[in-house]
Amino acid sequence: MNFDADYQKIQEEKKSRTAIESEISIGNKPKGSNFMRLIRYSWKHKLLLFLGNFGLLVTSLSMVALPYLTGQMIDTITKSDGKEDLNKLTFYFIILTIVSAVFTFVRAYAYNILGEKITFDLRNELFQKLITKDIEFFDSNRSGELISRLSSDISVINKGANDSISMILKNAVQFIGSLILLWFISWNLTLVLFCVIPPFTIIVILFVRSYKKLTKEYQQAVAASTQIASEVLGNMRIVRSFSTEEKEGSQYQNATSTVYGIGNKIAILGSQFMSIGILLGYAVILAILYYGGSLVIEDKLTIGDLSSFVLYTLTMTISILAVSGFMNQMISAAAVSEKIFSIMDHPVKIQNGSLDAQKITGEITLKNVTFQYPTKSNVTTLKSIDLEIKKGEVVALVGQSGSGKSTIVQLLERFYDSTEGQILFDNIDIKEYNQQKLHQTIGFVAQEPTLFSGTLKENITYGVSAYSQEDIDNAMKLANAYEFVSNKQIFPDGLDTIVGERGVKLSGGQKQRIAIARALIKNPKILIFDEATSALDSESEFQVQSAIDGLVSTGQKTIIIIAHRLSTIINSNKIVVIQNGEIVEQGRHQDLIEKKMESINS
Ligand SMILES: Nc1ncnc2c1ncn2[C@@H]1O[C@H](COP(=O)(O)OP(=O)(O)OP(=O)(O)O)[C@@H](O)[C@H]1O
C-alpha cells in the first residue's frame, strides 16, 4: 500500500475542503421562484392537496367561530332567562369542537402524506439527475455535500412543505377571520388593535431576514462538517496508521463548533423574537381590556363581546407568532430548495449520440486530441495526441506519473469531451455513439477496484441484464477468479458470498480479479487496464497478470494497458510513451530499445 500517496491525498482533500466549505459550485442560478416550484410538486398530488386545504379551511373557520360563541355564552349567562339559549349554544360549541377535531385530523394527515410524497419525488428526481451529471460535475462537487442535499436537506423541505405551509395557511385564515369578526363586534376597538399591528409586522420582517441569512450559513456549516466526517470515516485505515485520530477529532470539533455557534445565534434570535412577541401581545391585551372595559362601563359593549374580543386578540397574536415560527421552517425549505434546484438545473454538457456501438470492431483513433480538465482549464493535460490502435491490438501506455495516461482513458470512456481534436471508434466520432451502448463495448479495470455491497454474483454481473451461469463461469475463469470463488473453505457461499462494508473482505488481488470478471462478462470489444496490478503484491500480481496475458493471447480484443512494470507491457504490439501530455515515442518494445541504443551510439 502506498501510504504516503494516500496521506498526501487526504491532506490535499483537506485543503480543498476549506475551499468548498461555504459554497457548492453548482453553476447557474435557478430560474423562477423556488417556492412556486415547490408548490408545483404538491400540485401533482391534487387530491391530497384538496383534502388538506379543505380540512384546513373547516378547522380554521371553526376556530374563528369558537371565541364568538364563547362571548355569546357569557352574555347568556348574565341573563336570568338564558338557560334555553345556553343549552343551544353549548350544543353548537360541542358540534364545532368535534368538527374541528375531525378536520384537524384530515388536514394533518393529508399534509403529512403530501410532505412524504414531495420528499419521495424530490429525492428520486435529484438522485436520477445526479447520476446522469457529467463526470466534471463530480470533480467540483464533493460527494459528502451531495449526500447531505439528498438526505438532510430534503427532510428540511419535507418539514417546510407540509407542516409550515399548512400551519401558515391555517393561521392566516384564522387571523383574517378573527379580524373580520372583530370589526363587526366593535370597529373602534379594532382600530386600537391596528395601531399595534404595523410595529409587530416590522419586527417579524426584520427577524425573518436575519433568520434567513443565518439558516443558510447553518446549512453550509453542517455540510462542511459532514464532509469531514465522511472523508475521515471512509479513510479510517489511513487515519489510524498515521495516528491522526486526535487531529481529525479536533478538526471535526472545530467544524461542529461553527455549526454550534451559528445554531446559538439562531437560538438567541428566535428567543428574542419570542419574548418581544409576548411583550407586545400582552401590551395589546392590556390596551383592549382597558379601552374595551371603558366601553362596557359606558354600556357601549357587552361583557360577552369584550370576552370575544380578548379571545380574538389572543388568537391573532398567537397566529402571528405561529406564522413567524413556521415561516422559519419555510425559509429554511426555500434556502435548501434553491440549492437542490440549482443542482437539478445544472446543465449536462456531454450530449448523447444515437449510434449503436455494439458493432464496433475495436479500432480506435485519436486525432490531434488536446484536453484541459474543466476544473483546471489553465493547464493543458493532453497536447495534440495522435494515436492509432488497430482492432485486436495490445497497446501499452507508459510514462511518468501525471503524464496523462489515465486522462486518455477517461476521454475514451467519454467521461469528458476533448477540448480540441477527435476520438474515433471504427472511424466514427465518439460523440455519434450512444454512451450506454459504448460503455457496454468497453471493459474497464481501474487501479483500485471498487466493489458494491452485495454478493459476488451481483458484482460480477453489475450492469449486465442477460447472462447465464456459463457466462459467469467463463468470465471468472478468464479473470483467474474461478478457483478462489469455488474454494468452499475460503468462500463457503461461493458466488452468493456477500462483499462490501457489511460482508466479507476480499484481498486486493481477489477484488481485482472480480473486477476483471465484471469487465469481461460484457464480452467487450475493448479492454482497458489502468494499472490493474500496480497495487498488488507479487502473488496477486502474478494471478492478475496471467489473467491479462490470457486475454492478450486470444487476440480477439483491443487491449489498452497502462502500466509501470516492464513485464506487463513487454508483449504489447505497441508501447506509447507519454511525457507531459505528449506522445514522445511509440513502437514495439524492441523498436524502442533499438532507438535508444541508436541515440546512445550517435
Ligand atoms: N479529474 C481531474 N481534474 C483535474 N485534473 C486532473 C484530474 N484527473 C487528473 N488530473 C490531472 O491531470 C494530469 C494527468 O493525470 P493522469 O491521471 O492522466 O496521469 P497518469 O499519467 O495516469 O498518472 P499516474 O501514472 O500517476 O496514474 C495530472 O496533472 C493530474 O493532476
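**Exercise 1. Strand β3**

Task: In this predicted model, find how many residues of strand β3 (residues 394–399) are buried, and say what follows for the strand.

Solution: 
- Step 1. Apply the cut-off: a residue is buried if 20 or more other C-beta atoms lie within 10 Å of its own C-beta atom.
- Step 2. Count along β3. 6 of the 6 residues pass, so the strand is largely enclosed by the rest of the structure.
- Step 3. Sort the residues by direction. V394, A396 and V398 point one way from β3. V395, L397 and G399 point the other way. Both sets are buried.

**Exercise 2. The partners of β3**

Task: Which sense does the pairing of β3 with strand β11 (residues 574–579) take, and over how many bridges?

Solution: 
- Step 1. Take β11. Its pairing with β3 is parallel and runs over 5 bridges.

**Exercise 3. Helix α11**

Task: Which residues of helix α11 (residues 405–412) are buried? Where do they lie around the helix axis?

Solution: 
- Step 1. List the buried residues of α11: K405, T407, I408, L411 and L412.
- Step 2. Look down the axis of α11. The buried residues fall within an arc of 165°, so they line one face of the helix.
- Step 3. Recall a general rule. An α-helix has 3.6 residues a turn, so residues three or four places apart point the same way.
- Step 4. Check what follows the helix. R414 comes after α11, and its phi is positive, near 55°.

**Exercise 4. Around the ligand**

Task: Which of the 13 residues around the ligand come nearest? Which element gives the largest share of the shell?

Solution: 
- Step 1. Pick out the nearest residues: Y373, S401, K405, S406 and T407.
- Step 2. Find the main contributor. Helix α11 supplies 3 residues, the largest share of the shell.
- Step 3. Sort the shell by class. It has 9 polar, 3 charged and 1 nonpolar residues.

**Exercise 5. The whole protein**

Task: Into which domains is the protein divided, and what distance separates their centres?

Solution: 
- Step 1. Domain 1 covers 29–345 and domain 2 covers 357–601.
- Step 2. Take the centres over C-alpha atoms. They are separated by 55 Å.
- Step 3. Look at the contact. Domain 1 gives 4 residues to it, and domain 2 gives 4 residues. On the domain 1 side, 1 is nonpolar, 1 polar and 2 charged.
- Step 4. The protein has 19 helices and 12 strands. Of its 602 residues, 34% are buried.

**Exercise 6. Residue A108**

Task: Is A108 buried or partly exposed?

Solution: 
- Step 1. Locate A108. It is found in helix α4 (residues 83–130).
- Step 2. Count its neighbours. With 18 other C-beta atoms within 10 Å, A108 is partly exposed.
- Step 3. Compare sequence with space. A108 and S166 are 58 residues apart in sequence, and 8.1 Å apart from C-alpha to C-alpha.

Definitions and conventions:
Residues are numbered from 1 along each chain as its sequence is written. This is a predicted model: local features need pLDDT of at least 70, side-chain atom pairs count only at pLDDT 80 or more; totals for chains, interfaces and linings use all residues. A residue is buried if 20 or more other C-beta atoms lie within 10 Å of its own, exposed if 12 or fewer, and partly exposed in between; C-beta atoms are placed from the backbone. Helices (H or I, at least four residues) and strands (E, at least two) are DSSP runs, numbered from the N terminus. The arc is that of the directions from the helix axis to the C-beta atoms. A residue is near a molecule or strand if its C-beta atom, placed from the backbone, lies within 6 Å of it. Ala, Val, Leu, Ile, Met, Phe, Trp, Tyr, Cys and Pro count as nonpolar, Asp, Glu, Lys and Arg as charged, and the others, Gly among them, as polar. Two strands pair if DSSP finds at least two bridges between them. Domain bounds come from an automatic or database domain assignment. Two residues are in contact if their C-beta atoms, placed from the backbone, lie within 7 Å.
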